[in-house]
Amino acid sequence: MLSAFTARPIIELKQRDKSKIESILAYGDRLLVGLNTGSLRIYRVNEPPDPEPKSATSTQPDTEDSSSAVAVSQNGQAAANAPAPKPTDLLREIEKFSSRSIEQLAVIKEANTLVSLSNYNVSLHDLQTFEPIQTPLTRTKNASTFAVTSNIVKDPATGIPEIISRLAVSVKRRLLLWSWHESELSPDVTEIVLAESIRSLTWANATKLVCGMNSGYVIVDVETGSVEDIVGPGAIGGAAGGQGRFGAVSAAGMGYMGLGGYMPKPLSARLAEGELLLAKDINTLFINDEGKAQEKRQIPWQAAPDSIGYSYPYILALQPPAKGSLEVRNPDTLSLLQTIHLPGAAALHFPPPTVSLAHAGKGFHVLSDRVIWKMDATDYDSQVEELVKSGKLDEAISILSMLEDALLKNKTETLREIKMQKAELLFLQKKYRESMDLFNEDDVNAPPERVLKLFPRIISGELSGIEEEKHDDSEQESVNGKANGEQRPKPEVAEVASPVRNTGFAKYLMGNRKLNPETASIASSKKGTDDDAASIKAKPQDDHAQQEKDLMAAVLELNSYLAGARARLQRVLDPVTGKLKPRKLHSNSAEDAFKTLLLTHPLSDDESQLERDLQSTFKTIDTALFRAYMHSRPTLASSLFRIPNFCDPDVVNERLVEHNRFNELVDFFYGKKLHRQALGLLRKFGSPEEPDEAAPTLHGPQRTVMYLQGLPPEMIDVILEFSEWTLRRDPELGMEVFLADSENAETLPRERVVAFLDGIDIGLEIRYLEHVINELDDMTPDFHNRLVELFVRQLGEKERGAEWDALMEGLVKFLKESKQYSLGKARALIPKDDPPFYEAQAVVLSNMGQHRQALMIYVFKMKDYAKAEEGQE
């Protein structure tokens with residue numbers, strides 16, 4: 001159980017004192033105690049010497065005298081210490097404060113006024129001298145209870161804020177209201193008559209008052225005098241005739257008639273700002289300060305409380321004195337977090353609801369007719385830690401969400417850590433979607449290393465927190481022994497945060513043969529039969545199928561987490577360049593991504609180190625996402641490669657090769673700019689004569705040519721290396737790498753290409769030179785001279801025929817049109833006595849200005865007079 005509060009007895013009446021405590025009032029370091037004799041005692045409360053509170057179970061005073069001091073050691077043995085200061089000092093006793101028992105006390109601090117209820121009358125006394133101001137207060141005869149409130153209210157006329165205090169007194173059916181403006185008591189008294197006698201009063205806010213009656217509750221606006229019934233849905237309120245738990249519900253919402261005509265007191269308490277709790281018997285209703293019912297379930301009380309209250313952030317319920325116990329509940333989950341045993345406790349006392357938050361939950365008291373306990377609140381960090389250690393993660397999250405940041409050392413990080421522990425627990429319970437959704441919440445953003453520890457190596461690689469076990473005969477025997485009734489011990493909650501142990505889903509996932517507790521219990525009830533032995537032997541196959549099913553379900557949900565983590569990381573790191581985005585552009589969420597995604601590295605001011613850390617995290621996420629896709633949806637893996645990614649190439653290569661997904665592997669290598677590896681793969685499957693069954697779509701040079709066409713000119717070494725086999729296999733297709741109408745092809749280093757093609761085939765070199773000269777208008781003289789040389793060489797090597805004639809025609813045409821080649825070199829290259837080359841000689845001579853010699857060749861050697869005339873033109 002939680003130790004939210006510890007009870008410290010500060011006043012205990014001595015045995016010879018026959019008085020009984022009826023009421024108390026705590027303000028500052030003063031404690032006023034009203035007795036059944038009419039006496040008023042004024043105590044000073046001293047600070048406890050030991051800041052560490054005692055255990056909540058040590059609630060009874062150790063002696064009858066409150067001045068005694070006994071310390072309790074860790075082993076429970078009492079050890080005498082040096083005399084400690086008294087918890088309280090009696091300063092004064094006013095024996096004739098009232099003629100009867102003092103039933104209720106309150107203070108109007110701004111007016112320095114003490115309000116008391118005694119002998120069915122309300123009286124006002126000076127808070128310093130305790131002299132009567134009005135005793136009794138007029139019109140309060142037969143008063144049953146009262147309530148006070150002080151609030152800062154703006155004056156409607158001037159807009160200046162002022163303190164207004166109000167006193168509400170119930171006198172049978174009448175509600176009487178007094179007010180103080182600053183410290184002056186207004187002479188006007190407002191009277192509002194209700195339908196029946198008022199049994200309880202609670203201020204909802206500065207101007208509205210909740211009145212509890214036998215038939216139910218109403219809310220009264222003290223400024224307008226309007227009265228509205230409080231009606232709620234379900235068992236505690238609603239339309240007339242609705243049935244509540246063990247009683248009838250009236251139109252007012254909480255009518256109740258128990259056995260024997262007993263009418264339980266209508267209880268009410270103000271909770272957090274703008275919320276109240278109403279309770280009658282075991283029925284409860286939450287409302288806002290306008291009297292409207294809230295959609296909340298009822299508090300599961302086992303017995304009707306005598307008193308209720310609120311001490312930030314908990315709901316308190318005091319059971320009847322015979323039980324003497326105080327229940328502490330979470331107002332969000334309504335769970336019982338602590339039960340404090342206080343013998344004979346009969347009433348609760350809380351400071352006014354207007355006290356500052358710094359004192360909230362630290363100043364309430366519990367009283368019996370002989371003892372007053374001061375309830376000390378344990379610091380909130382310790383409370384949360386205690387809830388986590390006891391496995392109450394939902395309660396810890398709920399309490400943290402309610403507490404103000406200033407009350408905790410580091411609320412954000414603590415809440416985040418507990419939510420991650422809860423997500424891990426949900427994972428072990430096979431609630432994979434809920435687990436990943438929690439890991440991915442905006443205020444959690446779990447580091448990927450934390451999540452991936454929950455998965456086997458096939459998904460997480462080296463980050464897996466699961467130890468793969470080798471099963472042998474001895475282990476199987478031990479498992480069979482456990483199947484015969486011996487159950488596995490339930491894992492401790494602390495293990496949730498450290499999933500490296502092979503427990504829960506992790507062990508089940510990796511093929512552990514141990515039976516779960518439910519299976520073990522069934523086996524225990526039937527052990528000893530042959531049928532059982534056979535069924536246990538048959539279970540491994542079923543277990544394996546279930547493991548695969550569980551793993552698939554978990555991985556499908558992991559995909560969504562990794563996609564979310566990737567999106568967060570892209571806020572701060574450019575996936576294209578791998579560089580940090582400018583910090584001035586970061587939003588708060590981007591800064592959070594720095595902190596949440598770096599599990600093993602503190603946030604560094606060194607941007608280069610931070611950049612490396614984030615790149616490492618990005619690599620972890622993308623590699624895990626790839627593995628998850630390959631396990632659950634292999635067809636999605638290629639979509640990851642079409643965007644900039646940080647996948648580990650070794651992992652991708654291994655997994656894709658293992659699954660014969662070579663197309664995706666080529667896409668991945670291309671995206672990672674690992675062109676040599678991609679082209680090597682394409683050559684491996686493209687160059688053989690017969691297609692490989694593992695990658696039939698990669699057969700032939702087509703994919704390699706397309707790949708090479710996409711490479712930039714600076715990759716010329718790779719382009720030339722891997723285009724060779726395509727040119728030899730299919731020259732026409734292979735030349736598209738160099739002849740394509742694309743920027744990459746046109747900007748390739750032409751000298752390198754020419755030299756490369758020269759080593760493969762002269763015809764291909766001629767095609768390339770013709771392309772760059774005729775189509776790309778390259779005027780480089782070396783290319784022109786080289787083309788002439790190649791034309792002549794190839795004409796000399798080829799046999800005469802149609803192809804030879806076409807080649808000669810190309811040479812002559814080039815010699816006529818080009819002005820960049822060297823005429824002297826061309827003349828020297830062209831054979832002089834070979835008749836087929838006469839026209840080429842004549843063209844060169846004509847270009848050199850030796851028209852006579854050219855004309856002689858046309859007329860006397862070629863006897864082609866038409867060309868002679870063309871040459872003269």
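A search of the whole structure, which is a predicted model, finds 40 salt bridges. A salt bridge is counted where a side-chain nitrogen of Lys or Arg lies within 4 Å of a carboxyl oxygen of Asp or Glu. Local features need pLDDT of at least 70, side-chain atom pairs count only at pLDDT 80 or more, and totals for chains, interfaces and linings use all residues. Residues are numbered from 1 along each chain as its sequence is written, and side-chain values use heavy atoms, with hydrogens and water left out.

One of the salt bridges joins the side chains of D17 and R41, at 2.8 Å from N to O. D17 lies in the loop between strand 1 (5–12) and strand 2 (21–27), whereas R41 belongs to strand 4 (residues 40–45), so the pair ties together parts that are 24 residues apart in sequence. Helices (H or I, at least four residues) and strands (E, at least two) are DSSP runs, numbered from the N terminus. D17 is buried, with a relative accessible area of 16%, and R41 is buried at 10%. Buried means under 20% relative accessible area, exposed over 50%, and partly exposed in between (1.4 Å probe, protein chains only).

A salt bridge also forms between the side chains of D394 and K422, with an N to O distance of 2.6 Å. Here D394 is in helix 2 (residues 393–402) and K422 in helix 3 (residues 411–428), so the pair ties together parts that are 28 residues apart in sequence. D394 is partly exposed, with a relative accessible area of 44%, and K422 is partly exposed at 24%. In the salt bridge of R661 with E664, the closest N and O atoms are 2.8 Å apart. R661 counts as partly exposed, at 23% relative accessibility, while E664 counts as buried, at 12%. A network of salt bridges links D758, E765, R786, E789 and R793.

Two packed helices are described by the angle between their axes and the distance between the axes. The axes of helix 18 (residues 716–729) and helix 22 (residues 750–758) come within 11 Å and cross at roughly 30 degrees. That makes helix 18 roughly parallel to helix 22. Axes are lines fitted to C-alpha atoms, for helices over the stretch in contact, and angles run from 0 to 180 degrees between N-to-C directions. Angles under 35 degrees count as roughly parallel, over 145 as roughly antiparallel, 65 to 115 as roughly perpendicular and the rest as oblique. Helix 18 contributes I716, D717, L720, S723, E724 and L727 to the contact, and helix 22 contributes R752, V753, F756 and L757. Contact means heavy atoms within 4.5 Å.

V651 lies in helix 14 (residues 649–658) and is buried, with a relative accessible area of 12%. Leaving aside neighbours within four places in sequence, V651 is in contact with T623, F626 and R627. V651 and A624 are 27 residues apart in sequence, and their C-alpha atoms are 9.7 Å apart in space. E95 is found in the loop between strand 7 (88–94) and strand 8 (102–108) and counts as exposed, at 55% relative accessibility. Not counting residues up to four places away in sequence, E95 touches G38 and S39. Between E95 and G38 there are 57 residues of sequence separation and 6.8 Å in space, C-alpha to C-alpha.
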